[in-house]
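Please look at the sequence and the structure shown here, and keep both in view while reading the report below.

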Amino acid sequence: MIRLSKSVVGTEEVEAITKVLLQDGYLGMGKEVDLFEEEIANYLGVKRSSVVCVSSGTAALHLAVQAVARQGDEVLVPSFTFISSFQAISASGATPVACNIYKDSLTIDIEHAESRITNRTKAIMPVHYASNPVNLEKIYRLAAKYKLRVIEDAAHCFGCSYQSSKIGSFGDIICFSFDGIKNITSGEGGAIITSDEKIQSLVKDARLLGIMSDTEKRFSGKRSWDFEVVDQGYRYHMSNIFAAIGREQLKKLDTVFAPTRIKLATIYKELLCKNSSIAIPVTEKKAYIVPHIFPIRILNGKRDEIKQYLEANGVQTGIHYKPNHLLSLYSDKKTKLDVTEEIYKEILTLPLHPDLKEEDIYYVSELINRYLGYTD
Ligand SMILES: Cc1ncc(COP(=O)(O)O)c(C=O)c1O
């Protein structure tokens, strides 16, 4: 079976975990997490204090939203995203306002988002779908015009750049995911990146049950016995075990993972781009993209058929994503997002991970082209 996605780890990660397990004597949040945050900061070229690691990308988004919005506030978000983006907003008491996407890039439709702004709108959450950070200047201009915070859902985007600057090195609040199949993994994990010192302090405390300044104590090997709590917090911190995996993965990103993902995606594009029954999402020209997933659109109504055909031929595929406004929890029964709903019927994600071989990509592309009656 050619897998859709996969955690790609080696002996380096095993040795790093073993060291934490056997030598360090502490598996919780301590030295390894401190070092992982420092290394992410160095990688992105931001201050050490700008990076806060948490237990997942969802936790990162949740703490980011909680830091800027409250019960009754609204956050603009494309419906075409993983359920995490919506859950993170509703968990903080705010309301996710489902926005449409552009048909070419599959990222938030800025004009539609603007039309949904009310006096309760506090933030916009663009999702860098398939590692594609699109229209960032326009998004930040819209935010400035309406005094909105920007929380970038950059779960797919670790290692990517925009106008030669790494995603996470600029902007308001940027959230990454390091779950098992992302561009780098820490097993599970995520990070919030912001230069806003108030937000840094809020999310650092909130990841440790709201205990004020607990992060600093843990990083110096101490505990808080007499402490103060002024805000709701969660057990969202990262453990030393997970950070140890993440540190090894970070070393491999630019040398192994990124070039491999880029090479495989380039082959897919070459083999599929001329097939008129397929549309490949248009990537932002100003961006350097390390693709986390490789979605295509099947334009002739045969998406489900072809999904089954690939499965029968040993190829796993995915559907990223079921639109959130169609889920009972978020449906208001009147929001109709035409482009989003159309794309949902067409989208099909093909296998992409660094353990795939070029011949796997040829095999998958050949199956698709053959099924759709395309010959080069
Ligand atoms: C677009 C998007 N946002 C957020 C997340 C949440 O990340 P995590 O799985 O680390 O909680 C994901 C995870 O797949 C995602 O794809």
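The following report describes the surroundings of the ligand and then a sheet.

This is a predicted model, in which local features need pLDDT of at least 70 and side-chain atom pairs count only at pLDDT 80 or more, while totals for chains, interfaces and linings use all residues. Residues are numbered from 1 along each chain as its sequence is written, and side-chain values use heavy atoms, with hydrogens and water left out.

Around the ligand there are 17 residues, and Gly57, Thr58, Asp153, Ser177 and Lys182 come nearest; a residue is counted here if one of its heavy atoms lies within 4 Å of the ligand. By class, this shell has five nonpolar, nine polar and three charged residues, where Asp, Glu, Lys and Arg count as charged, and Gly is among the polar ones. Helix 3 (57-68) gives the most to the shell, with three residues; helices are DSSP runs (H or I) of at least four residues, and strands (E) of at least two.

The table gives polar contacts, that is, pairs of N or O atoms within 3.5 Å.

| Side chain | Ligand atom | Distance |
|---|---|---|
| Thr58 | oxygen | 2.5 Å |
| Asp153 | nitrogen | 2.7 Å |
| Tyr321 | oxygen | 2.9 Å |

Taken alone, the ligand exposes 380 Å², of which the protein buries 91%, with areas from the Shrake-Rupley method and a 1.4 Å probe.

Elsewhere, three strands form an open antiparallel sheet in the order 10-12-13, where two strands pair if DSSP finds at least two bridges between them. Strand 12 (residues 294-298) is joined to strand 13 by four bridges, and Arg297 stands opposite Ile347 in strand 13.

Terms used: Polar contact = N/O pair within 3.5 Å; in protein donor to acceptor, adjacent residues only side chain to side chain.
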